[in-house]
Every structure is written in structure tokens, then in C-alpha cells.
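Take the model below one part at a time. The text turns to confidence, then to a helix, then to a pocket.

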Amino acid sequence: MAEQHKLARGVALVGAGMSKFGAFKGKSSRDLFVEAFNEMLASVDQPFDPNQIEALFVGNYSSDLFEGQGHLAPILASWTGLNPLPAVRVEDACASAGAAVYQGILAVASGMYDVVVVGGVEKMTDLPTEKVTDTLATAADTQFEIPAGFTFPGFYAAMATSYMHAYGATPETLMKVGIKNHNNGSLNEKAQFGAKISTLMEARKASAAKKGLPIPDWKDELEFLHDDKANPVIAWPLRLYDCSPVSDGAAVVLLVSEDLAKKFSDCPIYIAGMGQASDGALHDRKELNSIPSARLAGQKAYQMAGVGPEDIDFAEVHDCFTIAELLATEDLGFFERGTAWKAAENGETSRDGSKPINLSGGLKSKGHPVGASGVGQVVEVWKQLRGQAGERQIKRPLKYGLTHNVGGTGQTCVVHIFEKRD
């Protein structure tokens with residue numbers, strides 16, 4: 001690995017906001033982006049003039065196919081009152097927003113700008129499910145993989161079966177990851193599925209009773225998740241509750257040069273390290289139970305920050321499917337290869353565990369508007385490091401939070417490390 005250079009000057013995060021994630025009929029990407037932008041403005045501690053903003057970077061995967069709208073960035077600049085500033089759309093599949101954050105940091109670190117806005121947005125739910133599947137499939141290798149019949153649940157099911165065969169994890173392990181993330185998401189007012197699995201289970205029982213149907217006798221969450229009717233298999237071993245939902249949503253952050261940070265924020269959060277890496281399509285990889293780009297991006301971020309995995313207090317990782325969380329926590333070095341499933345089952349990744357993962361609920365519970373997810377992760381890190389995450393706030397002191405945003409099956413991965421300073 002080539003040496004990861006330091007930033008030419010420091011960069012700080014001084015504002016963050018997001019829309020609620022979910023399904024919003026009648027709202028467009030621009031509506032959602034404005035909601036997130038306005039919340040970001042309100043989050044800045046010190047009064048500031050939005051005219052100080054010098055550029056806009058927007059993560060968006062495919063407004064072209066989801067909404068029939070290309071050239072999105074200048075439209076969003078117009079709707080947020082930022083025209084005639086430079087506005088750039090960044091596309092890297094589900095890592096589009098993480099890549100936009102990366103570019104925004106570089107723009108400030110280079111000295112070109114002092115103040116930039118980075119956002120991410122996607123409006124997915126206007127299309128029927130089969131069209132959403134077709135659109136997302138364009139993030140895979142459309143020459144070799146898609147004609148062979150693969151969809152993204154199929155890709156990650158292949159990863160899951162490989163991992164299970166190699167290390168002994170079971171479908172129940174994946175279910176427990178989903179249960180944990182729904183527990184966290186139940187405390188997130190912005191989450192698409194802000195409810196525990198147990199709450200959803202009881203709602204199904206109540207619905208059956210109201211309709212005069214036989215009431216299911218599930219004894220616990222795992223029994224509910226094993227029910228083929230309540231939780232059907234999508235691509236074995238992945239079931240419905242192993243998959244992140246189709247979502248609409250937006251998230252926005254404000255980045256400034258380090259020397260200006262205290263003029264905007266009473267508690268700025270600093271960029272400690274970052275890394276981005278690429279890889280070929282899944283069918284070309286030597287193994288399926290790890291994502292090489294994530295390993296490399298993590299190593300780059302650690303090198304820049306001068307820290308190791310043991311220094312990270314918590315992380316938001318890209319759990320598009322439950323198996324992806326296990327892979328991420330190993331690729332990032334939080335757990336040894338083949339042991340993340342045991343750590344998950346032992347509660348080490350829970351909110352009060354040794355390495356809390358996806359306190360927001362993750363993509364699984366919070367939602368996954370693909371072009372917004374990477375910035376949505378940053379919003380959670382911002383809140384946790386500032387002690388503003390409400391009921392899901394980690395109680396112990398925090399210094400470093402990490403985000404891990406994956407595009408496709410790992411053709412792209414972007415990792416950022418954020419630091420709270422005394």
C-alpha cells in the first residue's frame with residue numbers, strides 16, 4: 001500500500017442534518033435535500049451567513065433512473081439558495097455520499113475553499129420494486145454478473161454462505177445482527193423502521209387478532225424471524241429482515257477549514273483520517289468472505305489518523321445486508337478474521353458493548369436511500385461525539401468515531417475517522 005499522505009490543512013465538521021428516512025409519496029429529491037439542508041443550518045452553534053458557503057458536493061447514485069432527473073447538483077444548489085456556487089454530483093453507487101464527503105474534505109484541505117456543503121440524497125420509492133432492482137443492478141457488472149441472474153441479495157447471500165462455511169456462523173447470527181440494529185433504530189426518530197423486531201412481531205399478532213385470524217404463537221424474536229411467512233427467504237440464507245429497505249432520504253454536513261472551526265461551532269468535530277479504495281466486480285475476487293477495498297480504505301484512514309482499530313470508540317458501517325456488518329467489522333480490524341459473528345452473538349457490538357456498531361440503526365433499520373447513506377452515517381457520528389444522540393447516546397467518553405460506506409459489492413469503499421478534541 002502506498003503511503004497515505006496527510007491533509008495539507010485540517011478540516012472540521014461544524015454542522016449536520018438529515019431528513020427522516022422512509023417512503024414519501026409526493027416528495028422529490030429536492031424536497032428531501034432542502035429538509036436536510038435546513039436542519040444542518042440550524043445545527044450550527046454560532047450564527048453564520050450561508051453566503052459564506054463556497055461549493056456544494058452531492059452524493060447521488062441515480063436520480064436519472066429513479067426520478068428521470070439528471071444534472072441534479074445545480075438543481076439542489078438552486079433549491080437551497082446556493083446558486084451560482086460550483087455544484088458537483090458524485091456517483092459511486094451506494095458509496096456516493098461517502099465519496100462526496102471525501103471530495104469535500106479534499107476541496108477544503110487543498111485551500112481552494114474554506115467552507116463547503118456536502119450532501120447525499122436518493123428518492124427510490126416512486127419506482128415499483130422490480131424497477132428498483134433493475135436500477136440497483138447497474139452498480140454490478142452488467143456484462144457478466146447480471147446476465148448470469150445475480151441481484152444484490154444474491155451477491156450478499158453468496159458472501160454469507162461463504163462466510164458461514166468458512167467460520168461456522170449460522171443464519172441465527174445474521175438474525176441477531178438485525179435484532180440489534182432494530183433495537184438501536186427504535187431510538188432514532190429519523191429511522192425508516194424505528195421499531196424493535198419484538199414490536200413488529202407483536203404488531204403482527206395484534207393485526208391477526210383484529211382480523212379474526214389465528215394468532216401466531218411466536219415465543220421470541222428468533223422464532224418470528226424463522227417463520228417463512230413473516231420473514232420470507234429472499235436469497236438463502238438472507239431473509240426479508242436481513243435486507244435494508246428501499247428508501248427515500250437526504251443528509252447534509254458543513255465542512256470548514258480547521259482554523260475557522262471555532263467561529264462556527266462550540267464543539268467542532270475534526271477529520272482525523274480518511275481512505276478510499278476500489279476493486280473489481282465480485283466474480284473476479286479470490287474470496288467472498290471479505291471486501292478488499294474496505295480493508296485497504298480502513299488501513300489508509302488509520303495511517304492518516306495515526307490510530308488503530310482499537311482506538312475507535314464506535315462505528316457506523318455499511319450493513320446493506322446483515323452479513324455486510326460482520327464483514328465490515330473484520331475488514332476494519334475490530335475483530336480477527338472469522339470471529340465477528342461470535343462478537344456479535346456475545347453482544348460486543350451492542351450499544352453498551354466494547355465496540356458499538358450502527359447506533360443509528362444502520363442501513364437495516366434507519367433506511368438506505370443509497371446516495372444519502374454515507375452522509376447519514378456522518379450525521380450519527382456528529383451527534384454521538386457531541387453527546388447529542390438522545391436515548392441511543394453512548395454513555396462513556398468518546399474520542400474517535402468511524403464511518404464505512406461501500407459501493408456495490410465492494411468495488412468502492414470509503415472510510416472516514418472523526419475526532420472529538422478536548
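What is the mean pLDDT of the protein? This is a predicted model, in which local features need pLDDT of at least 70, side-chain atom pairs count only at pLDDT 80 or more, and totals for chains, interfaces and linings use all residues. Residues are numbered from 1 along each chain as its sequence is written, and side-chain values use heavy atoms, with hydrogens and water left out. The mean is 97, and 100% of the residues reach 70 or more; pLDDT is the predictor's confidence in each residue, from 0 to 100. Confidence is highest in strand β9 (residues 314-316), at 99, and lowest in α5, at a mean of 95. Helices (H or I, at least four residues) and strands (E, at least two) are DSSP runs, numbered from the N terminus.

Helix α3 spans residues 72-79, and its buried residues are Leu-72, Ala-73, Ile-75, Leu-76 and Ala-77. Buried means under 20% relative accessible area (1.4 Å probe, protein chains only). Among the elements that cover them are α1, β2, α2, β3 and β4. After α3 comes Gly-81, with a positive phi near 75°.

The largest pocket holds about 700 Å³ of space. A pocket is an open set of points on a 1 Å grid over the protein atoms alone, where a 1.4 Å probe fits, with protein on both sides within 12 Å along at least five of seven lines; lining residues have an atom within 4 Å of a point. Of its 30 lining residues, Cys-243, Ser-244, Pro-245, Val-246 and Phe-321 are the closest to the centre. α5 gives the largest share of the lining, five residues.

How values were computed:
Buried < 20%, exposed > 50% of the residue type's maximum accessible area, 1.4 Å probe, protein only. Contact = heavy atoms within 4.5 Å. Points joined across faces, edges and corners; volume = space filled by probe spheres on them.
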